[in-house]
Amino acid sequence: MAGPVELSGENPALAEQARILARPMTLERRMANAIRALAIDAVEAARSGHPGMPMGMADLATVLWGKVLKFDAADPRWPDRDRFVLSNGHGSMLLYALLHLTGQPGMTMDDIRRFRQWHSPCAGHPEFGEAPGIETTTGPLGQGLATAVGMALAERLLAARFGRSLVDHRTWVFAGDGCLMEGVSHEAAGLAGRLGLNKLTVIFDDNSISIDGDTHLSCADDHLKRFAAHGWAVKKVDGHDPAAIAGALAFALRSRKPTLIAARTIIGLGAPTKAGTAATHGSPLGAAEAAGAKQALGWDAPAFSIPEDVAQAWRAAGARGAAARRAWLKRLAKHPQRGEFERAMAGKLPEAYHEAMATLRAEIAASKPKMATRQSSQKVLEAVVPAVPELVGGSADLTGSNLTLVKGMGVVAPGSFAGRYIHYGVREHGMAAAMNGMALHGGVIPYGGTFFCFTDYMRPSLRLAALMRQRVIHVLTHDSIGLGEDGPTHQPVEHLAAMRAMPNVAVFRPADTLETAECWDLALRRTDGPSLLVLTRQGLPALRTDAGENRSARGGYVLAEAEGARAATLIATGSEVEIAMAARAALSRDGLDVAVVSLPCWEIFAEQDEAYRALVLGSAPRVGIEAACGFGWERWLGPDGVFIGMPGFGASAPAEVLYKEFGITAEAAVAAVKKLLGRA
Ligand SMILES: Cc1ncc(C[n+]2csc(CCOP(=O)(O)OP(=O)(O)O)c2C)c(N)n1
Ligand SMILES: [Mg+2]
C-alpha cells in the first residue's frame, strides 16, 4: 500500500516538477498527459495498480511511439515492425494506453476501464497473447530486457538469411531501476554488448525510486559506466524534455553499439504531493491526489475520455507506419524467398525435416547404437539441423558436454549473423530469456544447452516460456547421479519433480537413442510450450529397434510386456529403463513375469485417455525406478507401489558406485517385486 506521503515542503522533487510543469503546453505534452490520465483513471477504478511509472515515462513514450517506433496500428503483427518491450511491466497501463490511443485492435476504452479485472486484456502486468500488440509477458523485473536481447538477435539472424528488404527493424525496451538491479540485466547486457546488437535500445527510467524508497538505500551502481563496460553506447537525457528525448533517440539510431539511454524522470509526474516518491509506485493516488494531478497537468477531460485533437494526434501516430508496411508487403510479394520467409515466420517445419527424421529413426533402429542420450541428441541434431534452417542452437559454455554444436552451423559473432550457433557464455538465465525472445520474434526455433542441474539458474525464464507457451527447446545433459564424480552440486535430484510441476512444460527423459529421436521430434513439433530434453552423460544400450511408430508420442508405453500374465509392472524413465529391463530378465529366470513401462514424458502420458493409461500401467503391483527424488511418483504407483530412487542428495564417486550405494539397481527392483508379491 501507499508509502509515506511527503509533505510538499519536504519533497525535493516538487520544485523540479514545478519547473517541468511550467513548460509550454504543446500538443505533444497533451498526448503524454493522455497516457497519464488513463493510468490515473484505470488505477483508481481498479483500486490497485502502478500509476507512477506511466506518469513518469509518458513523455518518453510519446516521443518514441509518436515519432520513431516503426509500427502500423492496423497490423500489430507485421513481421518487420519494431519490437517494444515494457520490461518494467508493473507500469502496464503505459502500454495499454499506447495500444489504445494508437488504435491497435484488442484494446478498447472499455478494456481499460476494466484494468486488472477478470477477462480484461489489461492484466496487472502485460501478458503475451492478451492483445496482439503485447510482444512479451513482463513483470518479473529484468526479464523483458533479457528477452529483448533475443528479439534483437533474431532480427540480425533473419536479416542475414533473408536480407534487409524483408528484415530491418529495431528493438526498444523501457526498463526501470529494478530491471537494472536484477542480475539477469548483467547477463543480457554482456551478451548484447559482445554481439554488438546495435539495433537494441534500452530506455532506462532513471527516477531513483523503487518500492522501499530512494534506490540509494540499496544501489549505488553507476549504470552508465556499467553498460559502457558491457560494450554499449550510453547517454543521459532529461526524460521530460521532448526535444532532448528526440535527440537521444536519434543518437541510438546512429549507434554502432546497443544503446542505453538513462532518462532522468520524476516518478508520478503531476501528482501534487506524491510525485517523486515511492508512494506513487504501486497504489492508487487517491481521489484528492488524482484530481490534483490532473489539475497540475492542465487536464480537464472527464475520466476515461480523450479530447478529440489529442485522440486524433495519437491515431495519426498509429498510422505513421502504414506506408512503410505497404511498401514492405510489395517487396515481400516479389521476393524470391517469400515462401521460405512465410513458412519460417509461421513456425511450420519444412518437408525436408520430416524426411530427415524418418530416415534417422530407421537408421537408428537398424544400427542399435549404444551411447549416452546426449550423444543420441547430437546424432539427431546432425540429421535435422541441415534440414531446418531456422534451428538456432547454442549452449551456456558447455558445448562439448551438451553436444549441441553440429559441424557447419557457423558461429554467430559481432557483424556476422549468418551462423546458427550462439556461444551464450556462462549465462543460463540470460540464455533462456534470449531464447524466449527469439521464439517470440518468430522465424527461428531456438535450442540451448546446459547441465540439467542448472535449470535452477534459468527457472524464471523457463517459467515465462511456459506461461507464454513458446517453442523453446532446452538440451539438459548430465541428468542424474549418473554423471558421477562431479558430485552432488552437479547431480540433479529434485529437478525432474520441479520441472514436471511447472504447467505447460514437456519434460522428456528418453531411455535410448531411438527414444531420444522420438522425443526431439515431439519437441520440434510442439508449438505450444517449452520442451526439456533431459539426457544422460553415461552410455546406454539400445532398447528399441522398432522405428515405425513414434511410441514416445503417447508419453509412455509398454516397452516389454510380461511373457505370461503380468505379476508386476516396472515403470522407469531414461537411464533407469535399462535397470528395469535387467530386473525383468532376472525375475523371469525366477518364474515371475513382469512388464516394463517406459515413461519418457509424464505430461503427454497424463493427457492420454484413461483406457490407454490403464492398459499401460496395468493392475498388477507397480515399482517405479528413477535416479531422482520420488516426489510425484505416487501419481503412477498408487498407494501400494514402491519407488526406487534417490533418498536425498547424491555424492561424488564413479557412477556405477553411486547407483550401487544408493540402491538403484536391478537387484533392488527384483527384491521390491518379490516383496510386493509376498515372495521375499
Ligand atoms: C524479479 C522481481 N522482483 C521483485 C518484484 C516486485 N517489484 C515490482 S516493481 C519493484 C520495484 C521496481 O523499481 P523500479 O524498477 O525503479 O520501478 P519504479 O518504482 O521506478 O516504477 C519491485 C521490487 C518484481 N516484479 N520482480
Ligand atoms: Mg525506479
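Q: Is tryptophan 602 buried or exposed?
A: Tryptophan 602 counts as buried, at 3% relative accessibility. Buried means under 20% relative accessible area, exposed over 50%, and partly exposed in between (1.4 Å probe, protein chains only).

Q: What kind of model is this, and how are things numbered?
A: It is a predicted model: local features need pLDDT of at least 70, side-chain atom pairs count only at pLDDT 80 or more, and totals for chains, interfaces and linings use all residues. Residues are numbered from 1 along each chain as its sequence is written, chains are lettered from A and ligands numbered from 1 in the order in which they are written, and side-chain values use heavy atoms, with hydrogens and water left out.

Q: OK, aromatics. How many aromatic pairs does the structure hold?
A: There are 16. Rings of Phe, Tyr and Trp (its six-membered ring) pair if their centres lie within 6.5 Å; planes under 30 degrees apart count as stacked, over 60 as edge-to-face and the rest as tilted.

Q: What about phenylalanine 227 and tryptophan 232? Why is that pair edge-to-face?
A: Their planes stand at 90°, so the pair is edge-to-face. The ring centres of phenylalanine 227 and tryptophan 232 are 4.9 Å apart.

Q: Are phenylalanine 227 and tryptophan 232 buried or exposed?
A: Both phenylalanine 227 and tryptophan 232 are buried.

Q: Back to tryptophan 602. How far apart are the ring centres of tryptophan 602 and tryptophan 633?
A: The centres are 5.1 Å apart. The planes of tryptophan 602 and tryptophan 633 lie at 90°, so this pair is edge-to-face.

Q: Where do the two sit in the chain?
A: The pair links distant parts of the chain, 31 residues apart. Tryptophan 602 is in helix α23 (residues 602-607). Tryptophan 633 is in the loop between β19 (622-625) and α25 (634-637). Helices (H or I, at least four residues) and strands (E, at least two) are DSSP runs, numbered from the N terminus.

Q: And tryptophan 633, buried or exposed?
A: Buried, with a relative accessible area of 1%.

Q: Which residues form one aromatic cluster with Trp602 and Trp633?
A: Phe605, Tyr612, Trp636 and Phe643 form one cluster with Trp602 and Trp633.

Q: Which residue lies over the face of tryptophan 602?
A: Arginine 500, at 3.7 Å from the ring centre. A charge sits over a ring if NZ of Lys or CZ of Arg is within 6 Å of the ring centre and within 35 degrees of the ring normal.

Q: What lies over the face of phenylalanine 251?
A: Lysine 235 does, at 4.8 Å from the ring centre.

Q: New topic: helix packing. At what angle do α6 and α14 cross?
A: Helix α6 (residues 143-162) and helix α14 (residues 338-346) cross at roughly 160°, and their axes come within 11 Å. That makes α6 roughly antiparallel to α14. Angles under 35 degrees count as roughly parallel, over 145 as roughly antiparallel, 65 to 115 as roughly perpendicular and the rest as oblique. Axes are lines fitted to C-alpha atoms, for helices over the stretch in contact, and angles run from 0 to 180 degrees between N-to-C directions.

Q: Which residues of α6 and α14 meet?
A: Leu158, Arg161 and Phe162 in α6 meet Glu340, Phe341, Arg343, Ala344 and Met345 in α14. Contact means heavy atoms within 4.5 Å.

Q: How about α16 and α21? How do they cross?
A: The axes of α16 (residues 373-384) and α21 (residues 513-525) come within 9 Å and cross at roughly 55°. That makes α16 oblique to α21. Residues in this contact include Ser376, Val380 and Leu381 of α16 and Thr516, Ala517 and Trp520 of α21.

Q: How far apart are the axes of α2 and α3?
A: They are 8 Å apart. Helix α2 (residues 27-46) packs against α3 (residues 52-68) at an angle of about 130°. That makes α2 oblique to α3. Among the residues that meet are Met31, Ile35 and Ala39 in α2 and Met55, Ala58 and Thr62 in α3.

Q: Last one. What is the phi of histidine 119?
A: Histidine 119 has a positive phi of about 75°, although it is not a glycine. Histidine 119 is in the loop between α5 (109-113) and α6. At 70% relative accessibility, histidine 119 counts as exposed.
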